[in-house]
Amino acid sequence: MAPPKKSSSAPNLPKGQSSLSTFFGAKPSSAPSTKQPRSSPPPPPPKSQPKGTIRQPPSPKKEAYSQSSATSSRYFKSKSDLTGSKASEPVVIDDSDDGDEEERQPPKSKSKTRPKTQVVENPIPKRKKAIESDSELSDEDVSERTKRKKKNNGGTQSNPPPVQQKRKTEQTASSSSSSSSSSSGQRSRSSKKVINYVEDEDDEDGNEDEPAPKIKATQVKKAAPPIKASSAPKKKEEPAEVKAQVTEKAEDTKPKKPTFRELQARKSAGPINPGSKEVPVGAPNCLAGLTIVFTGELESLGREESVELAKRYGAKVTGAPSSKTSYVVVGENAGPKKLDQIKKNKIATLTEDEFLDLIRTRGAGQIDEKTKKKLAEEEKKIKEVAKEMGAPAASSGPVDTTGMLWTVKYAPRNVKDLVGNKTNIEKLQQWLRAWPKSLECNFKKPGPHATNTFRAVLISGGPGIGKTTAAHLIAKTEGYTPIELNASDARSKKLVESYLKDTINNTSLDGWYSGGKVDRSVVASGVQISDRTVLIMDEVDGMSGGDRGGVGAINALIKKTKIPIICICNDRKNPKMRPFESTCANLTWRKPETPAIKSRLMSIAFREKLKIPGEVMQQLIESAQNDIRSVINMLSTWKLSNDSMSFDEGKELGNSNAKPGMHTPFTLYSELSSPYMFSHTSKKTLNDKTDLYFQDHAIVPLMVAENYLKSRPVLAQKEGNEQLRSLKHLELASKAAESISDGDMIDKMIHGPQQHWSLMPLHGIASTVRPCSYTYGPNMNGFPSFPSWLGQNSKQTRLSRAVVDIQTRMRLSCSGSRHDVRQHYLPAMFPLMVEPLIKDGSDGIEDVISFMDDYYLTIEDRDAILELGLEPNNGEAMVKKVATAVKTSFTRKYNSTSHPIAFNKGIETGGAKAKQLKADTDVPDLEDVPEEDDQDVPDDVSVESEDDLSKDKLVKRPKTSLSKGKRKKV
Amino acid sequence: MLFVDKYRPKSLEELDYHQSLNERLISLAAHDDFPHTLFYGPSGAGKKTRITCLLRQLYGPATQKLKIDQRVFLNPSKRKIDVNIVSSNYHIELTPSDAGAYDRLVIQDILKEIAQTQQVDLNAKHRFKVVVINEADSLSRDAQSALRRTMEKYMGNLRLILCATSTSKIIAPIRSRCLLLRVGAPTEEEMTTVLRSVARKEKFHLPDEVATQICQDSGGNLRKATLVLEALRMQSPDLSGSLAIAKPDWETYCIKTAESILSEQSPARLLEVRSKLYELLVHAIPATLIIKTLTDHLLKRVDESLKAPIVEKAAFYELRCRTGSKVIFHLEAFVAQVMHMLKSFMMDMDFD
């Protein structure tokens, strides 16, 4: 069973790369700087390889497809050429990369044959030849040659027969193993009969322990396709000669339980070979009635894709296998628990190919009787329900329903029509029914649900799940007249009090109405009430701004209300809702189950003669996150133009109506850099990717700039050996960095004086999409980190301010600009500020203080100077050397003496300015300064003469005025 | 007080070098039609010193009696901007670049205010007042345009003295309205003379070799030379023996960063370099200086064939650092490209 001619050099490399890996693998990797590759001896000439393709890894498939349609990577590549990096890309790297991607574009039936062709041939000779000849060519030649090569490829593509033939000859020449010859035989068949061939392939993949239920298992395991075998190392024991490169894979074979992190990473890493298989188009509903479980990693489909595929054809997808499961689709690294479960319940398993085949072959008619019956029953029920609902009851007379919203038209009319939240509804009903009695006994008896001690209830839950509807309906069925106040009414404290207080506290109402026949009246306040009234305060968490004090007023009302109050909000955890916690019984509405909503909505659709298959409806409901109202609205708008809806239309509608929000910068970045985002199987358009930027255009670019170096780029993983991979990684990183730099230039144009806001999309692409298109891949740390730019920037601003402050103070004595101060003065001053304290201890204090006074520096400036020092002058480290006693005595000494200050802080413009000028003139020293013969630096505040004896006096003299100045400053 | 500030010349006659320039300044100051002037030249060449001396020549020693005011401006979005103004009775000195993007406001407000009032002091030698604008080359384009009209309209009351390191970023209309005065860096001999005079005043002996060593190291920046001299003096008071001139902290750190670029090239290392770059930026080292120092050091250590491309990249990203807003992106892009070049070179691959 072991694959005979497995690519022994680099087993799990995607096609084409083995050539590079073998080439470099053969060299001593420790000497990268030598000219080895170019000086290697000329190898034996390759067979019939055209000269134009010499630098290409020699898989012939590649030539055929490297010219295929422009992928996103090509788009970005050409863009990068425009933006200044030179057109001549490193040919080896880029070609292999690009060709690789394009190659994977599945060219229908041929895609299946690829693995074999790649493995059997030995690429070394051609490769060497390529480099050898390349070294003789100048750079221009290289680029020219690339062009020529492309032309060449076009040629080969247009007439496939030669390629096919060449491949065959190469194969037979280079490999004599039986497997390859048999597979080549198969291939010739396969080109004619696609489906037949695929079945063969499936059987080869089939594992021994696999029942392979529906598909005929005739040609079992004749030969094993090598790639397949390597991709499922768990089942088949790997041969020992696997190269170091696959160590990770090899580890997986050990029955070690992976950690959560590993599992997460594996999940995000996606399929090994995305898009390598053609996704078939099956008959609609062909999987109906089946329950399918997916486990492990499939080769070509991601988990989401596969689940969507199954649902599209009407299957039910569950998370864990049980006895009811029809099939389990097993991929690589399937969970051991699930495998146990499969064995225990004897569930049929499928491989990915078999699964695809099931879709292809299984007709819509193959549904078994049981399912048919079930479907029919469902349909019948839908029709029944549909009959009941619809136009309002006859009692209220014929109403024109044409202009009505569907949400109103099909609003539930009975309590049993309410979807979901049955227990909550029951609780609410019980509470309301028991309310008069509870009032009688002053809310002392808790009742069956412990809700009867409350005068009010607080219903909370997401939008569109029927909270308001339920409240109204229950109030009506219990014989109450609901009065609703919602966000459209002003509900400030005053209004709530004046409108409702008397209404609610009016105990005489009961008696007054009980005698007479009148059951309705208008009270002075203008609110209509009957003898039994319930107050529904809808959207209480929407009380803000104008509704100042409203929540408090309502809460005060609740405490002494004589009628039941129902409050409704979305988020109970909201701090605004806190007052209600103690006064209201809590009822939390949950999102109803999808099937329940589905059956109700199907009835509506039926009544409106809108043809929607069940799975489409389900998909729609899921995309709306079980918001019933939202789905009904979607359907009603859809009905305006169409009468039916297909799966894809439904999906699109769901996506376009998807609720915004739910995005944090972290999720946005994770999505942008996910391993699929830029793979050619990704269905995301450039616009979709740019939309992620627009979700938060301020932070997302920063997230990208912060994290692009922390990813493990998918594009680099394809490289053959460690060295090439790291080079490729670096290249990708440098391209990304370049693009981010471009992005900043655009950002400057947007936020600069011109404000070209129309450049936003371009900024999104340059700063976000393009860098990600290079470095997308799983994050090394598992989770993206928050942009450090924000913190660093504010620190930078703070310290720059400090420099400006220092410079301003020093300005009276020195001439330098702030840059001069930072770059030349500070390094020179640093030792003068600290070293005396280290060397001389407290004797140095005088020196430091007098130096500081020379430059009008305050103790804060000293701290700033210390903080501004870089590594060798690292402030903290230096200060640590100073004894604590010295530090404290320094501070004490500094605070006890007075110091010259350079200026007073300005407070405000205008009036303050005048005041400040006055303050300046108040300083008496101005007059004392000797004018002509003053050799010292003149300043307005303090004077220092040369001689030390008089210094004390002079310093002391202006003290009074100084302290006055200081006080003003504060 | 440091030597630099202690022995700064106070009048035009005391200046040590560029004698022809000094003489011209003296004769300019004697006339009443003193023009707008633009002093330009490298840092540490003596521009500001000459401006101060010139002011003294114009109005007498009272111009050296300075006071600092802090003025608060409100920008359009009501945020406060502090601007420090150094002034004497005869002149006022601004650094509008303190206000960042709102320097135009400062220029308009303050200049108009000054220009619209006449000289109060009747005994003043000249009828006009002088406004010194520091760092004129970092004025935004808007601010420079705002200057144009003012310079002509209020010529009667006001003279401008601009101070810049290079004229390249001053718009042509302003250049044509000013008398351009270039203050070139002093030669090594001139610097040695200055250092000697400092040593004489401080009464210590300055050996020749130390003087030349300092001059060579400081690259024509007299301020740097004087500061280094003082630092050396602190190290060994008699300046004997072999003295190692300590590099400033930021330069040492830049070199360390360059070393880590040279020793390994990988995205992980790039991340480390990023944090080093952040450290430099945070400590108020301008990005352009970082790029220059990095490049200088890289060039010493790389293969001949890589020098041209590295310098090209450095120039490219230096411009971007000036014109862009988030400098770290450009620095990082520069380092990434250099790393890619180095690595490709070592693996003997073509980089683009």
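In which sense do S4(B) and strand S5 (residues 129-133) of chain B pair, and over how many bridges? The first close-up below takes this up. This is a predicted model, in which local features need pLDDT of at least 70 and side-chain atom pairs count only at pLDDT 80 or more, while totals for chains, interfaces and linings use all residues. Residues are numbered from 1 along each chain as its sequence is written, chains are lettered from A and ligands numbered from 1 in the order in which they are written, and side-chain values use heavy atoms, with hydrogens and water left out.

**View 1. Strand S4 of chain B and its two partners.** S4(B) and S5(B) pair in the parallel sense over 4 bridges; two strands count as paired if DSSP finds at least two bridges between them. Helices (H or I, at least four residues) and strands (E, at least two) are DSSP runs, numbered from the N terminus. The chain gets from S4(B) to S5(B) through helix H4 (residues 103-115) of chain B, in a right-handed β-α-β crossover; right-handed means that, with the strands pointing away from the viewer, the path from the first strand over the helix to the second runs clockwise. Strand S3 (residues 80-87) of chain B runs antiparallel to S4(B), joined to it by 3 bridges, and a hairpin of 3 residues links S3(B) to S4(B). Look for B:Ile92, whose bridge partners are B:Ser87 and, in S5(B), B:Val131.

**View 2. The two covered faces of S4(B).** In a regular strand the side chains alternate between the two faces of the sheet. Here B:His91 and B:Glu93 lie on one side and B:Ile92 and B:Leu94 on the other, and all are buried (under 20% relative accessible area; exposed is over 50% and partly exposed in between, with a 1.4 Å probe and protein chains only).

**View 3. Two aromatic pairs in chain A.** Rings of Phe, Tyr and Trp (its six-membered ring) pair if their centres lie within 6.5 Å; planes under 30 degrees apart count as stacked, over 60 as edge-to-face and the rest as tilted. The count comes to 15 aromatic pairs over all chains. A:Phe294 and A:Phe355 are edge-to-face, with centres 5.3 Å apart and planes at 90°. Because A:Phe294 lies in strand S1 (residues 291-295) and A:Phe355 in helix H17 (residues 352-361) of chain A, this pair ties together parts 61 residues apart in sequence. A:Phe294 is buried at 4% relative accessibility, and A:Phe355 is buried at 0%. A:Phe666 and A:Phe786 form a tilted pair, 6.1 Å centre to centre with 40° between the planes. A:Phe666 is partly exposed at 22% relative accessibility, as is A:Phe786 at 43%.

**View 4. Charges over rings.** A charge sits over a ring if NZ of Lys or CZ of Arg is within 6 Å of the ring centre and within 35 degrees of the ring normal. A:Arg862 lies over the face of A:Phe890, at 4.4 Å from the ring centre. Across the two chains, the charged end of B:Lys326 sits over the ring of A:Trp789, 5.0 Å from its centre.

View 5. A:Asn421 is in the loop between helix H19 (406-409) and helix H20 (422-440) of chain A. With a relative accessible area of 11%, A:Asn421 is buried. Leaving aside neighbours within four places in sequence, A:Asn421 is in contact (heavy atoms within 4.5 Å) with A:Thr588, A:Trp589 and A:Arg590.
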